[in-house]
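This briefing is meant for someone meeting the structure for the first time. Please keep the view open while reading, and go through the topics one by one.

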Amino acid sequence: MQVDVAVIGGGSGGYAAAIRAAELGKSVVVIERDKVGGTCLHRGCIPTKALLHVAETADAVREAAGVGVLAELAGIDVDRMNAFRETIVAKKYKGLQGLLRARGVEVLEAEGRISGPGRVTAGDTEITATDIIVATGARTRTLPGLEIGGRILSSEQALELREVPERVIVLGGGVIGVEFASLWRSLGAEVTVVEALDQLVPTEDEALRTQLSRAFRKRGIQTRLGARFASAAQDDASVTVTLEDGDTLAADYLLVAVGRAPVTEGLGLEEAGVRLDRGFVVTDRELRTDAPGIWAVGDIVPGPQLAHRGFQQGIQVAERIAGETVPPLPDENVPRIVYTSPELASVGLTRAQAEERHGAEGITVLDYNLAGNAKTEILGGSGTVRVIRRVDGPVVGVHLAGPRVGELISEAQLIIGWDAHPEDVAPLVHAHPTQSEALGEAFLALAGKPLHVL
């Protein structure tokens with residue numbers, strides 16, 4: 001087979017690159033060993049958020065009497081819950097397959113490997129390609145001596161559980177860990193999060209970390225921060241975790257959520273001249289590797305392991321292959337959302353990063369309490385908006401915590417991406433009553449025109 005572009009990996013970055021390259025007139029083949037859509041569609045973003053919607057619904061039923069709706073939560077029908085998750089994934093999978101066919105992208109179900117300059121082997125098929133895009137994603141990482149299996153789960157296995165655990169331990173307080181902790185607690189489980197660092201979601205701004213920790217305490221989610229894992233033992237009915245300080249914790253299941261490692265083994269990358277660093281592919285700012293004609297996108301490239309980052313990188317590489325000039329995407333301008341209750345959403349620099357880059361005297365930070373936002377109050381939530389600007393300069397960071405605030409982050413991304421000043425945003429109208437008004441209020445205050453802020 002001879003094509004213009006061969007894409008190894010059909011996940012978020014790979015299929016986005018394939019579709020865009022085909023739109024630009026290139027002949028494209030995608031080599032995917034499992035299913036197009038990758039981890040995000042089948043074992044990550046989509047099924048997790050489907051279950052989080054179930055969790056949100058359960059919480060709404062519990063709280064229904066408070067708004068005058070007489071309803072009681074009789075329990076969780078796990079079979080129907082999983083059927084809902086599976087139906088959502090199946091529909092999205094079918095739609096993606098149809099989209100690839102409509103764009104003329106051929107998909108080969110096989111293991112892909114670079115076998116020489118401009119050559120890829122996919123099972124028994126030899127492919128010659130002018131450009132090769134590697135988009136093989138990431139897999140669950142674990143700790144030395146901690147094997148996944150039985151009652152010790154990865155996030156993929158946790159999605160497939162046919163019961164709601166009575167007690168569960170989550171090892172890792174990053175995004176995956178806190179999302180599952182929030183999910184299981186809403187479904188009725190007793191949850192303990194064990195995190196080696198002294199804070200949850202350590203890469204987020206301090207304002208969001210504080211909000212999440214406070215919410216977890218209020219919801220009864222236990223946390224053991226600054227606690228390092230030593231060992232785990234399991235039997236047919238339970239798992240026991242021992243910490244380095246000698247304390248032990250027991251539960252029905254242990255979820256291992258200590259990060260994800262790049263999938264780059266066995267692809268022939270180093271033999272082809274591609275440089276790796278701790279398993280990640282080293283690229284320039286335009287995602288070119290050291291080997292001519294080989295590009296890398298998504299979770300195998302160092303930086304935030306986010307599906308939408310992979311989408312955008314795939315699109316950009318396809319456009320560069322077609323000869324278009326595309327500016328690099330700074331990782332700090334990629335929006336981030338943590339789908340806990342409350343949600344966390346952020347883009348740009350945290351306060352600590354802004355102070356490091358511009359100096360504490362070079363930035364202005366404004367916090368707006370969502371208690372003053374009518375829509376947030378109607379939703380029964382609380383939270384905060386933090387906006388960071390350079391003194392007399394553009395906005396460099398926006399951080400939100402509260403119900404459904406992930407839907408607000410696109411406006412914040414545009415503001416930061418266009419180097420807008422608060423004074424540029426202040427004249428814009430935010431519909432009332434909406435949560436987006438909270439952003440409007442924050443920018444009004446930073447522009448020296450506070451309306452509902454004292």
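**Helix contact, sheets and cores**

The crossing of helix 1 and helix 8 is right-handed, in a model that is predicted. The axes of these two helices, residues 12-23 and residues 307-321, come within 7 Å and cross at roughly 30 degrees. The points below take up this contact, then the strands, and then the nonpolar cores.

**Helix 1 against helix 8**

- On the side of helix 1, the contact is made by Ser12, Gly13, Tyr15, Ala16, Ala17, Arg20 and Ala21, while helix 8 brings Ala307, Gly310, Phe311, Gly314, Ile315, Ala318 and Glu319.

**The hairpin of strands 4 and 5**

- Strand 4 (residues 112-116) pairs with strand 5 (residues 119-122) in the antiparallel sense, over four bridges, and Gly116 has Arg119 of strand 5 as its bridge partner.
- Two residues lie between the strands of this hairpin, where Gly118 takes a positive phi near 70 degrees.

- An open sheet is formed by five strands in the order 8-15-9-10-11, and their pairing is parallel.
- Its edge strands are strand 8 (152-153) and strand 11 (222-225), each of which pairs on one side only.
- Within this sheet, strand 9 (residues 167-171) and strand 10 (residues 190-195) pair in the parallel sense over five bridges, with Arg167 standing opposite Glu190 in strand 10.
- Helix 6 (residues 175-187) packs on the sheet and touches strand 9, strand 10 and strand 15 (253-256), and the direction of helix 6 makes about 165 degrees with that of strand 10.

**The nonpolar cores**

- The largest nonpolar core has 48 residues, and those with the most contacts inside it are Ala6, Val28, Ile31, Ile127, Ile132, Ile133 and Val134.
- Among the elements that give two or more residues to this core are strand 1 (2-8), strand 2 (28-32), helix 4 (78-102) and strand 6 (125-134), but helix 1 gives the most, with six residues.
- Ala6, leaving aside its neighbours within four places in sequence, is in contact with Val29, Ile31, Val120, Ile127, Ala129, Asp131, Ile132 and Ile133.

Note on methods:
Residues are numbered from 1 along each chain as its sequence is written. This is a predicted model: local features need pLDDT of at least 70, side-chain atom pairs count only at pLDDT 80 or more; totals for chains, interfaces and linings use all residues. Side-chain values use heavy atoms; hydrogens and water are left out. Axes are lines fitted to C-alpha atoms, for helices over the stretch in contact, and angles run from 0 to 180 degrees between N-to-C directions. A crossing is left-handed if the near helix is turned anticlockwise from the far one by less than a right angle, and right-handed if clockwise. Contact means heavy atoms within 4.5 Å. Two strands pair if DSSP finds at least two bridges between them. A nonpolar core is a set of buried Ala, Val, Leu, Ile, Met, Phe, Trp, Tyr and Cys residues joined through side-chain atoms within 4.5 Å. Buried means under 20% relative accessible area, exposed over 50%, partly exposed in between (1.4 Å probe, protein chains only).
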